[in-house]
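Morning, everyone. Please have the sequence and the model open side by side. I'll walk through one chain, piece by piece.

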Amino acid sequence: MLKCINLSLSNRCNAKCIWCPKSRGTKNNFDLSYDIVVKIVDEISNPTFPFKVDMIHVSENGEALYNQDFLKILRYIKKKLPDISINFLSNFGLMTAEISETLLKEKLLTSAQVNIDGHNAGSYKAAKEISFKSVIKNVKYFLQMREKYDPNFDFCINVMPAAEYAITVSQSFHVLPDRLEPGSTIPFSTFESTKQVLRRFVPDNVRIRHSKSGLWSERKLVANGTLKFPVPNEELNCPLIDRVKSEAFIAPNGDWYACCLDDNNDLVLGNVLNSSILEIYNSSSRRQLIEKLEARKFDEIGYPCNAVAACQTISLPTNHYHKLTSNIPIGENLKF
């Protein structure tokens with residue numbers, strides 16, 4: 001049953017997050033066209049379509065705000081599918097005051113999330129390499145518009161400090177994260193220190209969530225054997241198999257690719273320009289992928305699934321992490 005459509009309105013991103021693969025968005029297909037969105041929405045809104053799609057996620061694998069038709073696309077989805085949930089994830093670096101007001105005034109979204117991964121400019125830059133000051137300014141204005149137009153709008157802030165991610169990877173596998181050079185320094189930041197800063201202007205009905213470390217950025221390290229995961233592939237499960245079964249992931253060129261962790265759309269099941277959503281959903285290529293994922297035949301599938309260890313989320317035991325970091329002052333530069 002198809003429950004969700006994930007649209008990559010753009011595979012470009014203004015950030016370079018420490019946990020995102022360097023290969024992400026390197027295919028030259030940039031922004032999803034309005035016409036492709038219309039084709040998809042028209043199909044799933046047709047009364048003869050056999051599934052009830054509950055959600056459209058409009059920011060899959062990129063910063064959707066790069067797409068010049070962003071608002072136009074949301075308006076069309078809302079017009080054709082007034083009851084569907086529309087989810088949006090952004091770093092808010094490109095979120096203008098005009099877009100914020102329009103989104104909330106016209107109620108074009110059901111929910112939105114932003115990652116704020118550090119308590120100050122230095123720790124945030126280490127995580128994302130974009131301006132902390134601009135992002136905080138944009139989030140504050142968005143929350144003002146939320147209070148004005150839709151005070152109960154579902155807004156969530158996710159936090160995963162760069163220092164925590166780097167410590168977790170280096171302690172777990174004795175290698176540096178792929179995006180870190182030897183000798184790099186990261187200002188120490190924690191979820192709690194970031195949360196304290198955010199609560200100065202974020203109301204209590206906005207969730208501030210502690211994200212878990214994922215090994216997505218380390219896929220090349222896993223694939224070439226540099227990062228040794230303690231569990232062999234044949235004993236691992238695909239952590240996203242339920243989503244692969246029930247969701248579509250559409251790249252800017254119309255390709256339906258395997259899942260959100262297929263960062264450069266290497267596993268393509270079909271293209272919505274040439275086929276309908278339903279045809280790709282029922283295709284032998286999609287069925288065979290699911291069968292191999294269930295049977296843990298990751299090597300037969302090939303890259304990126306043969307690096308399934310990089311699809312896992314990890315964390316150090318809480319006591320161990322606290323022991324490692326309890327004496328580190330907030331803001332101190334850690335050398336890796």
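**Starting from helix α5**

The buried residues of α5 are F132, V135, I136, N138, V139, F142, L143, M145 and R146. Buried here means under 20% relative accessible area, exposed means over 50%, and partly exposed is in between, with a 1.4 Å probe and protein chains only. Helices are DSSP runs of H or I with at least four residues, strands are runs of E with at least two, and both are numbered from the N terminus.

Before going on, a word on what we are looking at. This is a predicted model: local features need pLDDT of at least 70, side-chain atom pairs count only at pLDDT 80 or more, and totals for chains, interfaces and linings use all residues. Residues are numbered from 1 along each chain as its sequence is written, and side-chain values use heavy atoms, with hydrogens and water left out.

Back to α5. Which elements do its buried residues pack against? They pack against α3 (97-105), β4 (111-115), α4 (121-128), β5 (154-159) and α7 (191-198). Contact means heavy atoms within 4.5 Å. Remember the helix rule: an α-helix has 3.6 residues a turn, so residues three or four places apart point the same way. Now the length. The expected span of a helix is 1.5 Å times one less than its number of residues. For the 18 residues of α5 (residues 132-149) that gives 26 Å, and the end C-alpha atoms are 26 Å apart, which agrees.

**Helix α6**

Next, α6, residues 162-173. Its 12 residues should span 16 Å, and its end C-alpha atoms are 16 Å apart, so the two agree. How many of the 12 residues are buried? The count is 10, so α6 is largely enclosed by the rest of the structure. Among them are A162, Y165, I167, V169 and F173. E164 is on that buried list too. After α6 comes H174, with a positive phi near 60 degrees.

Most residues other than glycine have a negative phi, and most peptide bonds are trans. Now look at F92. Its phi is near 65 degrees, a positive value in a residue other than glycine. F92 sits in the loop between β3 (85-90) and α3. Is F92 buried or exposed? At 0% relative accessibility, F92 counts as buried.

N265 also has a positive phi, about 55 degrees, although it is not a glycine. Find N265 in the loop between β10 (255-257) and β11 (268-271). N265 is buried, with a relative accessible area of 5%.

Then there is a cis peptide bond. It runs from Y303 to P304, with omega near 5 degrees. P304 is in the loop between α12 (298-301) and β12 (313-314).

Take V159, in strand β5. V159 has 0% relative accessibility, so it counts as buried. V159 and H210 are 51 residues apart in sequence, and their C-alpha atoms are 5.1 Å apart in space. Leaving aside neighbours within four places in sequence, V159 has contacts that include I116, F191, L198 and H210.

Now K212, in the loop between β7 (207-210) and β8 (213-214). K212 is exposed, with a relative accessible area of 65%. What does K212 contact, leaving aside neighbours within four places in sequence? The answer is M160 and T313. T313 is 101 residues away along the chain, yet the C-alpha atoms are separated by 6.5 Å.

Last stop, C238. This one lies in the loop between α8 (219-223) and α9 (241-246). C238 is buried, at 13% relative accessible area. Not counting residues up to four places away in sequence, C238 touches L293, F298 and V308.

**The whole chain**

Time to zoom out. The chain has 13 helices and 13 strands. Its C-alpha trace spans about 60 × 55 × 30 Å along the principal axes. Buried residues make up 56% of the 336 residues. Among contacts between residues at least 6 apart in sequence, 78% join residues at least 24 apart.
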